[in-house]
Amino acid sequence: MNSEPARILVVDDEPDLELLMRQRFRQHIKTGQFVFEFALNGKEALQKLKENGDFDAVMTDINMPEMDGLTLLARLKESENEHHYKAIVVTAYSDLVNIRTAMNRGAFDFITKPIDFADLEATLIKTVSETGVIKRGLRAQSELGNAILLKEQAIRSEQFKQQFLANMSHEIRTPLNAVCGIINLLLHKAPKPEQLFYLQTMRQASGNLLAIINDILDLAKIEAGKITLEMVPFNMYEQLNSAVHTLMFKAEDKDLELVLNIDDDVPEFVVGDQVRLSQILINLLSNAIKFTAKGKVELKVVVEKSIENKKWLAFKIIDQGIGIAPENIDKIFESFSQEKEDTTRKFGGTGLGLTITKQLVELHEGSILVESVQGKGSTFTVLMPYEVSTGSNVLSDSVIPMHDDSDIQTTVNILLAEDQPFNQMVAVDTLAILFKDAKVQIANNGKEAHELAKTNDFDVVLMDIHMPEMDGYEATRAIRSIPGKRGEVPILAMTASVIKEDVNRCYDAGMNDFIPKPFDPSELKHKIIQLMKS
């Protein structure tokens, strides 16, 4: 049986959009699946909603005269007790600030310009389905056929979101590669003790940032419980001190006291995932500092209970900040959500930190509890189990491995295909430390890499992916077409593109191995040696 058509209000000041929408969705309109109405700005849209508010979705541009899209979203949110509109925002691909603001104001989804109408179709179907209204199909199909179609559209929409996260991850990881690389290089230059402290703190902070970026990239995987924890021995005291030191300067900037108290019963060495623990603690401490204007923030660690060789550690993050209303405590763990809209405006943030933190705590088979009094502060208590370790297997944190070229040839000829000057500098200086007689030639794009590979005998090629004129995939295929040994040179992808599909494309193009940016120097050396031996 066919249902009533879905009514969609499109709010955009571009008059040509109405014609494009009616042409692109003419079949949907003809079969009665969609009914479109149009408004040129937020003010006109509110009038249409007032006259007849029975719309299933509102699709709005951000930048418009009279009333912009973000203001419209705020007005829709104010009226959500009377009407529940699912809103889709349309904005530029790079406009992260507006995307974040729109999500915090209740937007259900977003579409980027220029509009991909296939993605828009999938998003509209998903949006109107979310309202609980069943719409008639694109054609006369069986119920099974409609279910398959909706599933396919939902998958396409999810793939689009994942690609967006992957692109943002790449844009962040590229400059972070230079930051991490320069820190490692400075650590290798025998810094003074006071400099060493700062550099180690910077390295810890950049490592934590990288972990967060990876988690955002894999947010769907975290929510599905597919992230696995590393179970290795580590020094709990060092990890706690490192988390506090990472945020010490942030606290000092606000004249806050940041205190660490560790109960005597807490074991020094345990088995677990130190990176994830650090991420949990830094997320919570950072939030505590953000929402505290004066006073202190404390990290207190105690043993909650013990059974044989396992101890349940309680990590208490105590602040003297603004507090949280009891009815909003559960809300703060939702994606893209903070307690109130004015909290977002005043303090900023994506609203993802606590969501990821809760997922990671539960992945440890732990729990997180919040106690709060408005105007007086909050206490976040994380309870997680750890097995006690003797500490005999705890490895020291290495900087860059010293020369150990006894198992490879004395001179190493490397072609570095990289278009970013800072990343060129980091790679060249790091290779000079890793290999005693490294000779590095630089190609600023894939086309230069191909030309150099045709006329030189290299032991290995380090290939970036995103480059002008010719990208890394094209350059690799071009090199593989060179006759003789030069076309068989080992190629190591060294790129900030880390999603599985991009890594598979590297291998499909003819590359031999892959290392992500920011790269680990010891891993880079090991991979180069292995490629030269093969």
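I take buried to mean under 20% relative accessible area, exposed to mean over 50%, and partly exposed to mean anything in between, with a 1.4 Å probe and protein chains only. The model is a predicted one, in which local features need pLDDT of at least 70 and side-chain atom pairs count only at pLDDT 80 or more, while totals for chains, interfaces and linings use all residues. I number residues from 1 along each chain as its sequence is written, and side-chain values use heavy atoms, with hydrogens and water left out.

**Entry 1: positive phi**

I looked up glutamate 66, which has a phi near 70 degrees, a positive value in a residue other than glycine. Glutamate 66 lies in the loop between β3 (57-61) and α4, where helices (H or I, at least four residues) and strands (E, at least two) are DSSP runs numbered from the N terminus. With a relative accessible area of 65%, glutamate 66 is exposed.

I then turned to glutamate 365, which is not a glycine either and has a positive phi of about 60 degrees. I found glutamate 365 in the loop between α14 (353-363) and β11 (367-373), and its relative accessibility of 69% makes it count as exposed.

**Entry 2: the start of α4**

I followed the chain into helix α4 (residues 69-78), whose buried residues are Gly69, Leu70, Leu72, Leu73, Ala74 and Leu76. At the start of α4, I noted that a side-chain oxygen of aspartate 68 comes to within 3.3 Å of the backbone nitrogen of leucine 70.

**Entry 3: α1 against α6**

Which residues of α1 and α6 meet? I list Leu20, Met21 and Arg24 from α1, and Phe117, Ala118, Leu120 and Glu121 from α6, contact meaning heavy atoms within 4.5 Å. By class, this contact of α1 with α6 has five nonpolar, no polar and two charged residues; here Ala, Val, Leu, Ile, Met, Phe, Trp, Tyr, Cys and Pro count as nonpolar, Asp, Glu, Lys and Arg as charged, and the others, Gly among them, as polar.

For the geometry, helix α1 (residues 16-24) and α6 pack at an angle of about 75 degrees with their axes 12 Å apart, which makes α1 roughly perpendicular to α6. The axes are lines fitted to C-alpha atoms, for helices over the stretch in contact, and angles run from 0 to 180 degrees between N-to-C directions; under 35 degrees counts as roughly parallel, over 145 as roughly antiparallel, 65 to 115 as roughly perpendicular, and the rest as oblique.

Is glutamate 121 buried or exposed? Glutamate 121, which lies in helix α6 (residues 117-130), counts as buried at 9% relative accessibility. Its side chain is joined to that of arginine 24 by a polar contact of 3.3 Å; a polar contact is a pair of N or O atoms within 3.5 Å, where within protein one must be able to donate a hydrogen and the other to accept it, and residues adjacent in sequence count only if both atoms are side-chain atoms.

**Entry 4: cis peptide bonds**

I recorded a cis peptide bond between lysine 113 and proline 114, with omega about -10 degrees, and proline 114 lies in the loop between β5 (109-113) and α6. I also recorded a cis peptide bond between lysine 517 and proline 518, with omega about -5 degrees, and proline 518 is in the loop between β17 (513-516) and α19.

**Entry 5: α15 against α19**

I next examined helix α15 (residues 421-434) and helix α19 (residues 521-533), whose axes come within 11 Å and cross at roughly 70 degrees; the two helices are therefore roughly perpendicular to each other. In α15, Thr430, Leu431 and Leu434 meet Pro521, Leu524, Lys525 and Ile528 of α19, and the residues of this contact divide into five nonpolar, one polar and one charged.

How are α17 and α18 oriented to each other? Helix α17 (residues 472-480) and helix α18 (residues 500-509) pack at an angle of about 20 degrees with their axes 9 Å apart, and α17 and α18 are therefore roughly parallel. Tyr473, Thr476, Arg477 and Arg480 of α17 make the contact with Asp502, Arg505, Cys506 and Ala509 of α18, and I count these as three nonpolar, one polar and four charged.

Lastly, I located proline 483 in the loop between α17 and β16 (491-495), and proline 483 is exposed at a relative accessible area of 72%. Proline 483 and lysine 454 are 29 residues apart in sequence, and their C-alpha atoms are 8.8 Å apart in space.
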